[in-house]
Amino acid sequence: MPTACDRQAPSRRSRRARATLIRVTALGVLLAGTATGCRQAWRPPAADVRLAPAALKIDLRKRWPARPARRTFARTHAGAAASESEPYVIFHDGARQREGALADIAVAPMRQYVQTRAQQASKQAPAARFPWPIQSAKSAAGLILQFDPPLTYLPALIEARVDFRSAGNVRVFSPTGLALYTAPAQRRVRLEGYESITIGDATYSDCVRLFTATQVTIPWVAGLDVVEYVWLAPRQGMVRRGQRISGRVFWRFFDNAWTDDLVESEWLEPPGTTTGE
């Protein structure tokens with residue numbers, strides 16, 4: 001039986017190994033928590049797309065909400081009936097877009113959530129804690145992702161048959177603002193053509209249909225692929241989006257898909273705007 005004097009403090013290498021194991025486990029919970037346990041077959045909604053002629057350029061800014069808007073979508077998961085759809089909110093405000101649980105919450109600048117070296121040395125918390133109204137801020141689901149430089153969700157101007165590409169790094173932080181990983185990220189957007197779609201009683205003519213693909217790879221740990229089909233109606237913005245998120249964490253694969261259909265749109269007054277009586 002070893003005595004107290006026989007024991008040695010953990011070496012720097014063992015502390016690093018333990019910290020790495022904790023980080024990998026946290027990331028695994030984040031990504032694999034939505035795992036279905038099987039690979040799902042997924043295709044975009046049936047389409048009758050009119051292909052865009054070569055060299056055609058489209059200003060997508062004319063198809064995005066011109067004013068702040070709060071939009072409610074019906075999210076239907078692959079394999080589920082339409083009656084099982086759930087509401088999903090997207091808030092648009094110029095170049096910013098907040099979704100889901102964070103749609104109606106003001107989010108502070110990223111730098112306020114990240115620990116500085118001085119804070120890490122003194123074990124002080126960052127200036128702000130990321131707001132998670134559903135998940136606990138202490139859970140692995142509270143991991144913060146920062147794209148640096150930011151990936152372009154949709155370009156202002158897109159040309160037919162020419163992929164728009166952007167690349168950067170995604171930095172992964174713990175809920176306490178501790179840096180965990182830095183991984184390369186790539187995104188491409190392609191104009192597929194025009195399509196008229198019907199959602200409930202509403203028909204949206206001449207929608208622009210876009211294909212997007214985003215890839216994030218953490219070597220030896222995880223890989224994430226996000227594929228989207230986006231429909232933009234004139235002066236309406238996005239009215240439908242099909243998404244598929246798939247990938248792996250070590251040996252465990254996950255594959256989830258759903259479709260978001262516009263149900264309700266509410267225009268919001270810009271900040272500082274007052275209405276007269």
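D206 is partly exposed, with a relative accessible area of 37%, where partly exposed denotes values between buried (under 20%) and exposed (over 50%), computed with a 1.4 Å probe on protein chains only. The residue is found in strand β10, which covers residues 202-218; strands are DSSP runs of E with at least two residues, numbered from the N terminus. Phi of D206 is near 55 degrees, a positive value in a residue that is not glycine. The model is predicted, so that local features need pLDDT of at least 70 and side-chain atom pairs count only at pLDDT 80 or more, while totals for chains, interfaces and linings use all residues. Residues are numbered from 1 along each chain as its sequence is written, and side-chain values use heavy atoms, with hydrogens and water left out.

A positive phi, of about 70 degrees, also occurs at W220, again not a glycine. W220 is placed in the loop between β10 and β11 (222-233). With a relative accessible area of 80%, W220 is exposed.

The peptide bond that joins D148 to P149 is cis, its omega being near 0 degrees. P149 belongs to the loop between β6 (144-148) and β7 (157-159).

The structure holds 2 aromatic pairs, a pair being two rings of Phe, Tyr or Trp (its six-membered ring) with centres within 6.5 Å. A charge is taken to sit over a ring if NZ of Lys or CZ of Arg is within 6 Å of the ring centre and within 35 degrees of the ring normal. R75 lies over the face of Y88, 3.7 Å from the ring centre. The charged end of R240 is positioned over the ring of W231, at 6.0 Å from its centre.

Conventions:
Helix = DSSP H or I, 4+ residues; strand = E, 2+ residues; numbered from the N terminus. Phe/Tyr/Trp six-rings, centres within 6.5 Å; stacked < 30°, edge-to-face > 60°.
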